[in-house]
Amino acid sequence: MIHFIGAGPGDPELITVRGRKLIDEADVIIYAGSLVNPDVLKGSKPTVEIHNSAYMDLDEVMDVMSRAEKSGLKAVRVHTGDPAIYGAIREQMDRLEEMGIEFDVVPGVSSFLAVAAVLKKEYTLPDVSQTVIVTRMEGRTPVPEKERLIDLARHNASMAIFLSIGFIDEMCKTLVEGGYSPDTPVAVVYKATWPDEKIVLGSLADIAGKVKAEKIDRTALTVVGRFLGGEYGLSKLYDKHFTTMYRKGAEEQ
Ligand code: SAH
């Protein structure tokens, strides 16, 4: 049995209890060394065998997993944030299925949720946006034609853009061309929840310059939308006059 584990965004306290327990009990750990905070692995057994997948290809990763399984060792595969978001986890799960090796997945706190937490914001504000678009720009890895940023921009939804900080100029230009007004608020968060976290706030018109001034060129998430601003409607859920399954609304006078 192989356990895939979402390690969370960085702070070692932001892994799930189950993920923590599985890491502590593991004989073999394969972790995404480019992004997973090594402190998350502290507490594992002194005898544990640790592999950094940044230096491995898919065959090598699968090889470590299958050898562990054959030797009856407990193996875990640790991904950053949640493995379902740009985790390249599917190809590993499919290979395990082909090999007849059982596995399960322990979710984690994705960085786009950690970013909302550090900014103290909510993506889904009444009268502002009820939709969150999680996307990335095309870089060395392509994005399907129908999901081009310029087309997604038309909705003016709350947006979290991964893996694209190196293209911040083009990103902002495209978002404006696609339909966000240039004064739309933007936040770039570098290494959310790590000790060296940085938050840069601005608008589509000026964020690119600010990000470059801070020399941020990796491990950052860009979030865009009016949810970062101060105007919104109040929720129905906690509206005094709104009846819910659990609470009867007060009669209007
Ligand atoms: N599975 C991960 C994403 C992996 S892709 C998750 O759920 O968060 C790697 C990208 O995620 C980075 O380029 C960056 O855009 C973002 N990222 C990961 N950790 C981050 C963090 N702590 N702060 C800001 N962005 C982060």
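**Basis of the entries.** I am working from a predicted model, in which local features need pLDDT of at least 70 and side-chain atom pairs count only at pLDDT 80 or more, while totals for chains, interfaces and linings use all residues. Residues are numbered from 1 along each chain as its sequence is written, and side-chain values use heavy atoms, with hydrogens and water left out.

**Whole chain.** I looked up the secondary structure and found 7 helices and 10 strands in the protein chain, where helices (H or I, at least four residues) and strands (E, at least two) are DSSP runs numbered from the N terminus. The C-alpha trace spans about 70 × 50 × 35 Å along its principal axes. Of the 253 residues, 45% count as buried; buried means under 20% relative accessible area, exposed over 50% and partly exposed in between, with a 1.4 Å probe and protein chains only. I also checked contacts (heavy atoms within 4.5 Å), and among those between residues at least 6 apart in sequence, 63% join residues at least 24 apart.

**Domains.** The chain is divided into domain 1 (2-106) and domain 2 (111-228), with bounds that come from an automatic or database domain assignment. Taken over C-alpha atoms, the centres of domain 1 and domain 2 are separated by 28 Å. To their contact, domain 1 gives 10 residues and domain 2 gives 11 residues.

Rolling a probe the size of a water molecule over the atoms shows where empty space is left. The search ran on a 1 Å grid over the protein atoms alone, with a pocket taken as an open set of points where a 1.4 Å probe fits, with protein on both sides within 12 Å along at least five of seven lines, and lining residues as those having an atom within 4 Å of a point. Grid points are joined across faces, edges and corners, and a volume is the space filled by probe spheres set on the points. The largest pocket has a volume of about 1300 Å³. It is lined by 45 residues, of which S34, L35, T80, Y86 and L163 are the closest to its centre. Which domains supply this lining? Domain 1 and domain 2 each give at least three residues to it. By element, α2 (58-70), β4 (75-79), α3 (90-99), α4 (111-119) and β10 (220-224) each contribute at least two residues. I noted 22 nonpolar, 14 polar and 9 charged residues in the lining, counting Ala, Val, Leu, Ile, Met, Phe, Trp, Tyr, Cys and Pro as nonpolar, Asp, Glu, Lys and Arg as charged, and the others, Gly among them, as polar.

**Second largest pocket.** This one holds about 210 Å³ of space. Its lining includes R136, E138, P144, R148 and E170, and α5 (149-152) and α6 (168-178) are the elements that give two or more residues to it. By class, I recorded 5 nonpolar, 1 polar and 5 charged residues.

**Cores.** I took a nonpolar core as a set of buried Ala, Val, Leu, Ile, Met, Phe, Trp, Tyr and Cys residues joined through side-chain atoms within 4.5 Å. In the largest one, of 25 residues, M159, I168, L175, V188, I207 and V224 touch the most other members. The largest share of this core, 4 residues, comes from α6. Leaving out residues up to four places away in sequence, V224 touches, among others, M159, I161, L175 and L204. Apart from this core lies another of 16 residues, including I5, I23, V76 and V106.

**Helix α4 and Y123.** The buried residues of α4 are F112, A114, V115, A116 and L119, and they pack against β6 (132-136), β7, β8, β9 (198-203) and β10. K120 follows α4 and has a positive phi, near 55 degrees.

**M99.** This residue lies in helix α3 and is partly exposed, with a relative accessible area of 39%. Beyond its neighbours within four places in sequence, M99 is in contact with M62 and S66. M99 and M62 are 37 residues apart in sequence, with their C-alpha atoms 9.7 Å apart.
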